[in-house]
Amino acid sequence: MTADETTIVERAREFLAGHDPDAMGREAFLRARYDAGLAWVHFPPGLGGLGAPRGLQAVVEREFDGTPQLDVGRQAIGLGMAAPTLLTFGTEEQKRRFLRPLWTGEELWCQLFSEPGAGSDLATLATRAVRDGDDWVVDGQKVWTSGAHMARWAIMVARTDPDVPKHQGLTYFVCDMHASGVEVRPLRQITGEAEFNEVFLTGVRLPDTLRLGAVGEGWRVAQTTLMNERVAIGGTPGRRGGGMMALITETWRTRPELRTHDLHRRLLELWVEAEVTRLAAVRLREQLAAGTPGPEGSGMKLAFARLNQALSGAEVELLREEGLAYDDWTFRRSDTVDFVGRGPGYRYLRAKGNSIEGGTSEILRTIVAERVLGLPAEPRADKDVPWKDLPR
Amino acid sequence: MTLLYSDVEEELRAAVRALLADRCPPSAMAARAGEEPLYDAGVWKALACDIGVAGLLVPEELGGAGASPREAAVVLEELGRGVAPVPFLTSSVMATKALLAAGTDAATELLGPLAEGRTTAALAVSFAASPYAAAPDTVTASPRAAARDTVTAEDGTLTGRVTAVAGAEAADVFLVPASGALYAAEATGVQPSVSLDVTRPVAVVTFDAAAATLVAPDLGPLRAALELGAGLLASEQLGVAEWCLATTVGYVTERRQFARPVGSFQAIKHRLADLWLAIVQARAAARNAADAAATGADTATAAAVAQAWCGTVAVRAAEECLQLHGGIGMTWEHPLHLFLKRAKAGEIALGTPGDHRDALTGAAGLPAPA
């Protein structure tokens with residue numbers, strides 16, 4: 001163990017000796033863990049961390065195994081996207097106000113980025129924020145907002161200057177989801193459930209203290225969120241043969257009557273692809289331990305989308321007659337994002353979203369081609385035109 | 001475990017890359033391909049002795065550098081990037097590994113000169129041999145040699161013929177599987193074949209009552225050599241693929257059609273982005289195989305995964321490179337063909353991707369249908 005590692009282990013054990021989660025309760029335990037700097041060790045002291053190398057987080061997690069854990073399904077957007085953006089662009093006050101309840105899960109977050117007319121072309125978004133004294137008044141409509149029905153706060157991009165080209169007139173806010181004028185409506189999905197929503201913003205007043213970054217700098221702030229989003233979606237290395245692969249392997253192992261030579265060949269190919277993707281994610285994590293997420297995260301998200309779709313498709317096919325059945329079409333509001341939960345039919349349908357949410361695979365390929373490989377940009381008709389003059 | 005490169009590995013890489021760029025750049029090799037054997041004894045001597053790559057895997061007490069497969073893998077990446085016509089994989093990795101695994105006095109005796117680059121060795125097996133299949137009995141040890149179970153069988157002889165042997169033209173000594181044991185012998189004849197891969201040709205090697213020394217009483221060391229060779233071949237394939245991608249990116253950035261660089265067309269960009277991703281995965285898999293070989297943990301699975309993936313990726317990279325270069329890609333003048341030939345031959349070498357996937361049946365928990 002390195003000196004750093006020893007210090008962290010000692011710190012964690014000392015904390016655990018003095019805090020009994022059974023006696024103090026889950027939330028109080030998590031708050032205390034945050035205050036001890038053992039939440040995300042690479043964050044600064046006072047903000048849940050110790051300013052330690054990111055790689056030491058694994059050491060902490062090992063020590064805290066068996067204690068109350070975060071609900072990563074419900075907290076995914078807060079932890080993966082809002083937190084790194086707050087850390088990079090937030091004021092001291094904002095960081096102190098938001099990060100602790102975000103980490104403990106007492107306050108959930110959602111992401112108000114996409115709009116009906118602005119998906120892949122996010123910078124064309126039309127939700128307006130107009131300055132009024134110390135407040136901003138927001139009007140517009142957002143869509144595909146996972147977890148908006150549970151969220152206390154949202155990260156949001158809005159247009160504050162329609163007279164400049166589309167990337168320049170944007171500003172980034174924390175939106176108060178309890179503010180008057182915020183209306184959340186469920187959007188029923190292909191799976192039958194509603195894990196995401198439409199969000200209507202009508203005369204929503206947000207104090208200027210909820211602005212993140214400078215006025216007009218919203219696109220730059222959003223880039224941080226999006227890079228972290230792709231790493232969060234694509235960059236978590238599981239165990240070998242785990243995740244979607246584990247489900248199909250289990251069926252294959254226990255149901256020899258379903259096996260065919262064709263599927264055997266294809267599943268071995270997919271197993272290898274899953275393994276090399278896992279290893280690439282491990283390698284990306286190692287690189288991240290030393291720096292910040294680069295466009296490589298986009299590559300991992302591409303890979304996982306393709307794998308999940310191929311595997312879930314093969315699983316339904318493997319099951320033959322049972323693949324004709326679906327577990328439940330009941331309309332429900334899911335409170336967590338679970339890509340592998342429920343039945344094979346659900347997995348097949350849900351995986352279709354993997355190549356759309358958080359940046360479509362087509363956009364990610366363009367990002368890789370231009371930012372990693374340095375290929376020339378395509379001719380752009382919209383770059384130097386004021387947003388208000390763009391054809392719509 | 002780490003899948004990143006250490007500073008020492010990067011220094012070694014820089015030394016090998018600089019030497020190859022200076023002494024045998026792909027453009028120069030393309031110019032003389034087909035006119036003379038591409039094996040370059042001068043370059044090999046410089047690599048083997050001056051940089052010391054020949055003894056990388058040999059322990060210091062036996063005259064080597066005592067490095068690990070991780071460093072050897074980095075050398076292979078650069079040799080792949082330069083399609084270098086040198087016998088590093090066949091001699092310094094595979095033959096050396098067989099001798100190390102044998103561990104007998106006869107084996108140790110051969111290692112010293114190999115490590116110093118004074119001699120070169122090759123396995124007398126087909127380069128297409130899979131690590132998972134038994135070695136075909138094409139060479140027979142004389143009854144006297146076969147009956148011996150000690151390592152002093154200096155008067156034993158070998159008779160037979162092995163086809164598609166890689167690294168044969170440079171080999172002073174062959175390690176020969178015969179009658180269930182491993183022998184060292186000089187060949188009676190080495191007949192170069194007209195090979196698909198012109199930078200690593202194969203040859204027919206014959207033994208006609210050739211004097212042989214018993215190196216190992218069984219073929220365990222041969223299998224170990226084939227497994228390590230397969231695992232590290234992935235790094236060479238990574239180097240081949242990286243050259244192809246970088247060269248293609250350079251070309252489509254320069255080449256203009258329809259009044260704009262070809263590389264600004266989405267149809268091209270997306271293909272190259274997908275290729276980049278496959279290479280990112282190949283790099284992780286190749287590093288993992290090298291790291292596993294260095295630590296001895298889970299080596300067979302890591303090697304099979306790397307081979308199942310990287311062989312295909314190198315071929316794909318070379319084929320994309322060819323297509324995206326248009327007609328120029330089809331010319332003898334452009335060095336790309338050396339890479340395509342190396343990639344396709346490498347895909348078959350030491351087990352096809354399919355062989356390696358089949359070998360993962362157990363590790364993946366996916367038993368074959370009845």
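Analyst: Buried means under 20% relative accessible area, exposed over 50%, and partly exposed in between (1.4 Å probe, protein chains only). The model is predicted, so local features need pLDDT of at least 70 and side-chain atom pairs pLDDT 80 or more, while totals for chains, interfaces and linings use all residues. Residues count from 1 along each chain as written, chains are lettered from A and ligands numbered from 1 in written order, and side-chain values use heavy atoms, without hydrogens or water.

Helix α10 of chain B covers residues 299-324 (helices are DSSP runs of H or I, at least four residues, and strands of E, at least two, numbered from the N terminus). Of the 26 residues in α10(B), 20 are buried, so the helix is mostly covered. At 1.5 Å a residue, α10(B) should span 38 Å, and its end C-alpha atoms lie 36 Å apart, which agrees (the expected span is 1.5 Å times one less than the number of residues). After α10(B) comes Gly326(B), with a positive phi near 60°.

α10(B) is also among the elements that supply at least two residues each to the side of chain B that touches chain A. The others are α8, β9 (260-261), α9 (266-295), α12 (353-359) and α13 (361-364) of chain B. α9(B) gives the most to this side, with 15 residues.

In total, 45 residues of chain B are in contact with 43 residues of chain A, contact being heavy atoms within 4.5 Å. About 3,900 Å² is buried between the two chains, and carbon and sulfur atoms give 70% of that area (buried area is the accessible area, with a 1.4 Å probe, lost when two parts are put together, summed over both). Lys269(B), Trp276(B) and Leu366(B) supply 18% of the area that chain B buries against chain A, more than any other three residues.

Charged pairs also link the chains. The count between chain B and chain A is five salt bridges, each a side-chain nitrogen of Lys or Arg within 4 Å of a carboxyl oxygen of Asp or Glu. One of them joins Arg260(B) to Glu378(A), at 3.7 Å from N to O. Another joins Glu269(A) to Arg357(B), whose closest N and O atoms are 3.7 Å apart. This second pair runs from helix α9 (residues 261-288) of chain A to helix α12 of chain B. Glu269(A) counts as partly exposed because its relative accessibility is 30%, whereas Arg357(B), at 18%, counts as buried.

Arg32(B) and Asp40(B) meet through their side chains, 3.5 Å from N to O. Arg32(B) is buried, with a relative accessible area of 19%, and Asp40(B), at 18% relative accessibility, is buried as well.

Glu78(B) pairs with Arg81(B), with 2.9 Å between their closest N and O atoms. Both residues belong to helix α4 (residues 69-81) of chain B, where they sit three residues apart, about one turn of the helix. An α-helix has 3.6 residues a turn, so residues three or four places apart point the same way. Glu78(B) and Arg81(B) are both buried.
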